[in-house]
Amino acid sequence: MTQHLTLRRPDDMHLHLRDGAMLKGIIGESARHFARAIIMPNLVPPVVTANDAVAYRDRILGALPDGTDFQPLMTLYLTEATDPADVAFAHASGLVKAVKLYPAGATTNSASGVRDFDKVRAVLEKMAEIGLPLCVHGEVTDPTIDIFDREAVFIDRVLDPIRRATPGLRVVMEHITTSEGVAYARSGGDNLGATITTHHLIINRNHILAGGIRPHYYCLPVAKRETHRQALRQAATSGEARFFLGTDSAPHPDPLKENACGCAGCFTATNTLSILAHVFEEEGALDRLEAFTSCNGADFYRLPPNQTFLKLTKGDAVAYPNKIQTDAGAVTVFDPGFPLLWAVSD
Ligand code: DOR
Ligand code: ZN
């Protein structure tokens, strides 16, 4: 029996589009299925000011394939020198939808991030006042903390103190990977949301490390043990408004992944929706897929729901490319490890 599903066009609330040849080569992969995306600012140099965001937005729009309708939702990269007035201006102009907090050194291109959280206090207070969300990469960078514990420790040491010190601050816990992350997201009210990636619903740490090291499954935060993956699947498919899709699709040229010191990032833009339909079907929650991909995130960001729709049809295995060829090199598409039976069409 053929199965069909109509889905309000999804939004990707955490996406890396990069710049230049890579941007040009991969943007179509997101624009094909997604109406809007929260665009991460971790370029080199990062997108720090309102002016930087205008220029980057224009480069993104300029790279879109002809005839595609895709709206980049811009973010600013929080540094210890960020000016609260510039953030307020960027928000008031309608251009910027969030500010991104990277603890310095936590991940790719995070060297300009925050070391001393007291130095960003005024910015956070301004954001609480104007209702601008803070997107948080939630990992401590303390080298004495085991990499698999860095999210849970961040919640206790950094995130909870920031939220207590800044009442009213709207926070998105980005790409949560642990049951502690799920529980903390649930402990907050309407001002706390959490994104979940596609790949963290599929892989646990064995997929990265058992039977050989698989660099295309390495990302940050790194995938944790199976119990955490199960907690993430339960959260994503629960229908709860606080959980929504942010793919964290993060392209790197293959030579930088297949490397003695490989970059972090899984590239899932191409096949994300087919994978998610598979996961939600397995969990008996196909009726909640739309909330996760298309409604909860827009509601959190106070955006109108998209008015166009996609069709998902279950049939023979869908053929996706293994790699996307770009002028910045080939990018390997995330392999979920099982055939994808849900095809996406307009
Ligand atoms: O795996 C990741 N890749 N995690 C991040 O936080 C950054 C991203 C990237 O920019 O490549
Ligand atoms: Zn990211």
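Leu 7 is buried, with a relative accessible area of 2%, where buried means under 20% relative accessible area, exposed over 50% and partly exposed in between (1.4 Å probe, protein chains only). This is a predicted model, in which local features need pLDDT of at least 70 and side-chain atom pairs count only at pLDDT 80 or more, while totals for chains, interfaces and linings use all residues. Residues are numbered from 1 along each chain as its sequence is written, chains are lettered from A and ligands numbered from 1 in the order in which they are written, and side-chain values use heavy atoms, with hydrogens and water left out.

Leu 7 belongs to strand β1 (residues 3-8); helices (H or I, at least four residues) and strands (E, at least two) are DSSP runs, numbered from the N terminus. Not counting residues up to four places away in sequence, Leu 7 touches Leu 289, Glu 290, Thr 293, Ser 294, Thr 308, Phe 309, Leu 310 and Leu 312, contact meaning heavy atoms within 4.5 Å. Although Leu 7 and Thr 293 are 286 residues apart along the chain, their C-alpha atoms are separated by 8.7 Å.

## The zinc site

The zinc ion (ligand 2) is coordinated at 2.0 Å by His 14 (NE2), His 16 (NE2) and Asp 248 (OD). Donors are N, O and S atoms within 2.8 Å of the metal (3.2 Å for Na, K and Ca), and water is not among the atoms, so sites may look incomplete.

The sequence spacing of these donor residues is H-x1-H-x231-D.

## Helix α10 and its cover

Nine of the 11 residues of helix α10 (residues 272-282) are buried, and the helix is thus mostly covered. Among the buried residues are Leu 273, Ile 275, Leu 276, Val 279 and Phe 280, and the elements covering the buried residues of α10 include α8, β9, α11 (289-300), β10 (309-314) and β13 (342-345). Just after α10, Gly 284 adopts a positive phi of about 65°.

## Ala 128 in helix α4

Ala 128 lies in helix α4 (residues 121-130) and, leaving aside neighbours within four places in sequence, contacts Thr 166, Pro 167, Gly 168 and Leu 169.
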